[in-house]
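Hi,

Here's the structure I promised to pass on.

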Amino acid sequence: MPPIRDKFTIHSKAVVCQDVELKGDITIGAGTIVHPKATIFAIAGPIVIGSGCIIEEATIIVNRRKEVMRIGDENLFEVGCRVECPSIGDHNTISARSRVHHTVRISNHCVIGVGCLVVPIEDEVLDDYTIVYGPGAERRKWSGRGKVQEADLRRKHADYLREMIPKFNRLRRGDGI
Amino acid sequence: MAPSVLYHCPCLSTSDIPPPPHLPSSSHSFHPLNTLFFCEECDAVRCNRCVSVEVSSYYCPNCLFEVPSASVRAEKNRCARNCFMCPNCRNTLAAVPADPESGDGRIPAGVAEGPYIMYCNYCRWDSAEIGITFEKPTGLAAQLQKYEDSAPDSLEFDRLKEHFDAFLRTSALAASTSGTHHHSTHHSHSLHTNSITAAASAALARDIPGVGKYNPLARSTTGRGYGKDRSVNKDEMTEYRSRSEIAQTAGAGGGEPDVELMNSLEEVGEVASLEQRWENSWVTPLQTKQLKPIRIPLHSKRSKRCPACTHILIKPEQKSQSVRYKIKLMAANYLPGIVIVLPHMRQLRDELSKRNLGKSVAAQVDEPPPGMVAGNTYEFQLNLTNPLYDPIEVRLSVQRVHVSTAPGGTAEKARRPPFAISLPTAKFPISPFAEAWEYEDDEDMFGVEDDELGIGMGSSLSASVRGGREKDGRARPKTVGVLERKANKTVVGGEVVIGKEAQGNVKFNMLVSYTYRSDDAEGGDLGVHPSKPEIRRFEFYTVVDLGPIISREEARMDL
Ligand SMILES: [Zn+2]
Ligand SMILES: [Zn+2]
Ligand SMILES: [Zn+2]
Ligand SMILES: [Zn+2]
């Protein structure tokens with residue numbers, strides 16, 4: 001395996017803290033916030049993160065596959081979650097200390113509950129509005145009611161972080177810019 | 001399991017001497033020190049089994065609203081404000097405005113407008129799934145009251161209540177009028193029961209807000225029944241006719257509808273789980289889509305009284321936000337605390353951590369296997385802590401276990417672990433508890449004379465084993481006796497000799513007796529004592545469990 005070549009493309013409106021571990025070919029979109037102590041590893045293929053995502057402390061995002069790992073817009077990765085999904089849509093919440101394996105693709109408006117393990121042996125796609133919750137990682141379908149409220153809250157959350165984080169952290173800039 | 005010391009409360013038997021540790025009744029008589037109370041009036045330990053409990057306040061665990069006890073019954077023991085549990089996952093529900101019908105997906109600035117839905121932040125259940133929305137985000141329980149009151153089961157209960165209420169009233173009336181003609185002792189008894197039934201019927205008759213207008217039918221029929229009832233025999237009840245046939249209520253009790261439902265079932269999630277169903281107090285719906293949000297059950301703060309003198313042992317502050325107590329007589333503030341340390345376990349643990357070094361986390365062993373190998377001798381240490389502001393002198397004695405010689409005694413003997421415990425029999429001091437320590441270099445007691453040591457107990461072990469220990473006991477560093485004194489702690493060493501064929505746990509009863517002197521009333525923690533110096537004595541039993549005995553074969557297999 002050839003050595004991993006680092007290539008970080010960070011949008012000028014993204015907020016990525018200095019104290020973040022990045023490896024490989026990584027693209028971070030506009031308005032996305034990466035808290036300190038997060039880890040993003042593009043071991044094989046590149047990782048492309050969309051806009052308006054919030055990636056909290058101790059989150060680990062890994063791409064072990066050759067193909068591009070695409071993460072959509074306005075996703076929330078809570079403290080200590082570990083995600084290896086080859087693709088993630090928009091408006092998803094990966095809750096604190098949950099774990100999602102590389103066999104799972106996440107669509108839109110899904111929630112992986114606190115501490116849930118989603119580790120199917122065979123490849124699987126979580127449909128839109130799939131909620132995984134509880135100690136047994138049970139699943140149910142969300143009606144979608146309240147999603148506008150939630151999206152609004154997510155945006156306010158991101159706005160606040162974009163304002164506050166640069167006051168207390170040094171930021172990272174992309175290679176090219 | 002770690003070695004443990006439990007304290008005796010003699011409330012279960014007439015004798016102050018606890019049952020021997022190998023009897024099943026032993027576990028019911030001993031309790032962890034932190035769960036015990038101490039009554040100063042009776043100078044006795046009280047446990048949760050013998051105290052009398054009374055509720056001092058009710059509150060909602062979610063909104064912390066204190067519910068006056070008068071309305072607890074009317075509100076059916078649940079929060080009557082805004083607190084609901086998710087019927088799906090039992091998380092607390094939040095009231096949120098429903099999403100705007102159209103627009104760019106942004107919430108317009110300004111005041112959010114209804115309708116509102118109840119929304120579970122965890123599993124994303126929402127009340128619109130079962131067709132419930134609200135006009136305003138407050139007083140949700142009141143808005144939902146009509147659903148609750150119009151439920152067939154609730155109506156049935158109200159009707160049943162009224163049916164029995166009539167009977168209770170007439171029988172109470174009859175008893176109070178006939179009671180006056182009886183003998184005085186009988187009279188007082190019937191008066192007592194009367195007051196109870198009267199209270200119960202009064203409570204049952206209490207108006208439940210909003211109920212009346214929803215069951216006019218039920219009210220009118222029982223009204224007629226009541227009139228008839230009075231004219232006939234007072235002790236006889238009219239036959240109760242239920243409002244609805246039980247089988248007709250869907251999901252209540254099996255039958256054809258359930259079979260049909262099961263036949264057309266597509267996903268297992270359509271059927272409510274037992275946990276979800278049991279949360280409901282009335283009907284336990286079979287289908288997930290029938291589950292309704294449930295008002296959160298109230299919690300209570302309770303005070304406890306001594307069963308003998310009815311003095312309060314513990315009393316919480318009234319306010320639901322407060323976690324403090326007005327009165328708190330915990331046994332841990334009166335009796336010395338005892339913690340067991342097994343030096344050989346500590347050694348094992350150290351070795352393990354050395355072996356674990358450099359190993360991956362998964363391969364590491366956290367705890368050494370507990371247990372003592374049969375035929376060996378082990379040390380143990382008792383760390384005693386004095387909670388009093390006065391010095392105490394403690395004497396430990398191991399309760400002798402008599403080996404029964406009666407027929408069948410052999411089986412008994414085989415079950416009982418044969419071991420011998422050595423503990424110092426002389427009394428030893430423990431310094432008082434104080435905020436500032438002045439006793440750091442007080443080492444008078446370090447090194448009690450060996451002849452002060454005694455052998456506490458020999459259960460069924462031969463004297464030769466004991467003799468052997470004593471002989472080489474002098475050559476080795478001292479293990480039995482007071483090992484260390486520091487601040488208000490004293491460490492006492494003991495030794496256990498385990499028989500070759502021993503089985504079970506090394507578990508023995510130990511009597512702890514101590515004397516304390518109270519010189520002045522203010523200085524002493526026990527303020528009830530007079531100001532003249534007085535030596536007082538207290539004793540209590542404990543059961544000490546040092547852990548299981550491993551047979552010699554097992555021990556060899558492990559290595
Ligand atoms: Zn008791
Ligand atoms: Zn409440
Ligand atoms: Zn829920
Ligand atoms: Zn008492």
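B:Cys79 is buried, at a relative accessible area of 0%, while B:Cys63 is partly exposed at 35% (buried is under 20% relative accessible area, exposed over 50%, partly exposed in between, with a 1.4 Å probe and protein chains only). Bear in mind that this is a predicted model, where local features need pLDDT of at least 70, side-chain atom pairs count only at pLDDT 80 or more, and totals for chains, interfaces and linings use all residues. Residues are numbered from 1 along each chain as its sequence is written, chains are lettered from A and ligands numbered from 1 in the order written, and side-chain values use heavy atoms, with hydrogens and water left out.

B:Cys63 sits in the loop between strand 5 (52-59) and strand 6 (66-67) of chain B, and B:Cys79, 16 residues apart from it, in the loop between helix 2 (69-74) and strand 7 (84-85) (DSSP runs numbered from the N terminus: helices are H or I, at least four residues; strands are E, at least two).

B:Pro61 is in the loop between strand 5 and strand 6 too, and is partly exposed at 33%. Its C-alpha is 8.1 Å from that of B:Pro297, 236 residues apart in sequence.

Cheers
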